[in-house]
Amino acid sequence: MVKEPVRILIVGGGYVGMYTALRLQRKLKSELKRGEVELVVVSPDPYMTYQPFLPEAAAGSISPRHVVVPLRRVLDRCRIVIGEVRSIDHARRTAMLSTLATEEGVGTEQLTYDELVLAPGSISRALPIPGLADFAIGFKTVEEAIGLRNHVIEQMDIASSTRDPAIRDAALTFVFVGGGYAGVEALGELEDMARYTARYYHNIEPGDMKWILVEASDRILPEVGEEMGKYTITELRRRNIDVRLGTRLDSCADRIAVLSDGARFPTRTVVWTAGVKPHPVLAATDLPLNARGRLRCTPQLTVDGTPHAWAAGDAAAVPDVTAAETGTETAPNAQHAVRQAGVLGDNIAHSLRGEPLETYSHKYVGSVASLGLHKGVAHVYGRKLKGYPAWFMHRVYHLSRVPTFNRKARVLAEWTLAGLFKREIVSLGSLEHPRAEFELAAGGKHPLDPKLDPKGSS
């Protein structure tokens, strides 16, 4: 009888999913050649997004194509399935998938497996704030980053083409909610880009724009330390950015941002970066979850008390064995995710070969953040940097971490060219509606008709 290959199902194509699959391709190279092991990666997108580069992509410093890594190219020994896992019955070793063909009436697909790797990542944590779902935009995907860039430049076009002070003021007011990495870096890069772009408008000055950062806690960028956080606030305020600590967004209905301190800002731009939550697929499994909805895991990255199930990254609550206090978990960030993926891949190979498992142990070395061109903060190996040195370290660090030599070379080339030529100030918002002009010419209604699309920015 022919023995069926061991099928390893990897749910998610992000940091953990892609790096784990890469590790398994190397560790199980001989088993894959002999057909003893099969690697299946299920991901909603055919690429992995390197999220630390999203702010620079939004500012136009990096092409959107170079922020993503094509899974089919780097995972050439894996079977890539573009779709989403809807539910998992680990007791029966089955997962229910929906793919692009599901929308064509094919129905969901059932996939069996022997080993399960859960790495679906996280999604934006949206609160029940009036108007948030209708008017806000997130900042977790490359589509959102480029859409936000186009939107900001469109608002400048709107302000430049009207004499109505109310419309002009709302178009030039930009509200960012969340003082973590995503919010601060996105705000810093986009404000820098808009300030540069304003020189090409005859009736818009940088001082005409209002940039507001809203943070519910009493500090921003907690990862870089209190001192660097305070420096960041000072630097942002020096650029006339309104930083409001201890403040929440109460409403953004009717395009008016209402804050908990009583301030009201008519605005057409609300960017929501106030935290993330575990992916919904975790709740559709029979695996143990903690109070925050993350998978309970062991230091060996197995799901606690569940054989043949593994997890890492944002979806996993992994004990931090280097912490002084018991019960501490590793932070859900990219630095841990990439390193956990290596150990996870090794441990799956060890498990298949009957070898002892390794324990994930990694001390957090520090953090870097960009605040715009030639501006940044860093706290690495106990050393604190700010300004140009921190910005340079931010670029060097992330260039060394972005996957594949292909992407490293392309990003470095773009940075080099950006230093020799002027910034691009073009908005390609029409890319989001490629059939708009043809539909209008064919006698249909324009998809940007506000009656049909109340969320349209223009």
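## The largest cavity

The largest cavity has a volume of about 30 Å³, and the count comes to one cavity of 30 Å³ or more. On a 1 Å grid over the protein atoms alone, a cavity is a set of points where a 1.4 Å probe fits but cannot get out, and lining residues are those with an atom within 4 Å of a point. Grid points are joined across faces, edges and corners, and a volume is the space filled by probe spheres set on the points. The lining of the largest cavity consists of R294, G313, D314, A316, T330, A331, P332, N333, H336, A337 and Q340. Helix 10 (residues 334–353) gives the most to this lining, with three residues.

## Basis of the values

This is a predicted model, in which local features need pLDDT of at least 70 and side-chain atom pairs count only at pLDDT 80 or more, while totals for chains, interfaces and linings use all residues. Residues are numbered from 1 along each chain as its sequence is written, and side-chain values use heavy atoms, with hydrogens and water left out. Helices (H or I, at least four residues) and strands (E, at least two) are DSSP runs, numbered from the N terminus.

## The second largest pocket

About 1000 Å³ of space lies in the second largest pocket, a pocket being an open set of points with protein on both sides within 12 Å along at least five of seven lines. Of the 37 residues that line the second largest pocket, those closest to its centre are A59, G60, S61, I62 and E424. Two or more lining residues come from each of helix 3 (54–59), helix 6 (142–160), helix 8 (181–197), helix 11 (388–401) and helix 12 (405–420), and helix 6 gives the most, with six residues.

A polar atom of the T197 side chain lies 2.8 Å from the backbone oxygen of M193. Leaving aside residues up to four places away in sequence, T197 touches M156 and I425, where contact means heavy atoms within 4.5 Å.

S370 belongs to strand 22 (residues 366–370) and is also buried, at 3% relative accessibility. Its side chain makes a polar contact with the side chain of E189 (2.7 Å); a polar contact is a pair of N or O atoms within 3.5 Å, where within protein one must be able to donate a hydrogen and the other to accept it, and residues adjacent in sequence count only if both atoms are side-chain atoms. Not counting residues up to four places away in sequence, S370 touches E185, E189, K375, G376, W391 and H394.

## Strand pairing

Six of the seven residues of strand 2 (residues 37–43) are buried, so this strand is largely enclosed by the rest of the structure. Strand 2 pairs in the parallel sense with strand 1 (residues 6–11) over six bridges, pairing being assigned if DSSP finds at least two bridges between two strands; in this pair, V40 of strand 2 is the bridge partner of L9. Four bridges join strand 2 to strand 5 (residues 79–89), also in parallel, and S43 has I82 in strand 5 as its bridge partner.

Elsewhere, three strands form an open antiparallel sheet in the order 14-15-16. Strand 14 (249–251) and strand 16 (264–266) stand at the edges, each with a single partner strand, so one side of each is left without a neighbour in the sheet. Three bridges join strand 15 (residues 256–259) to strand 16, and R264 of strand 16 is the bridge partner of V258.

Definitions and conventions. Buried means under 20% relative accessible area, exposed over 50%, partly exposed in between (1.4 Å probe, protein chains only).
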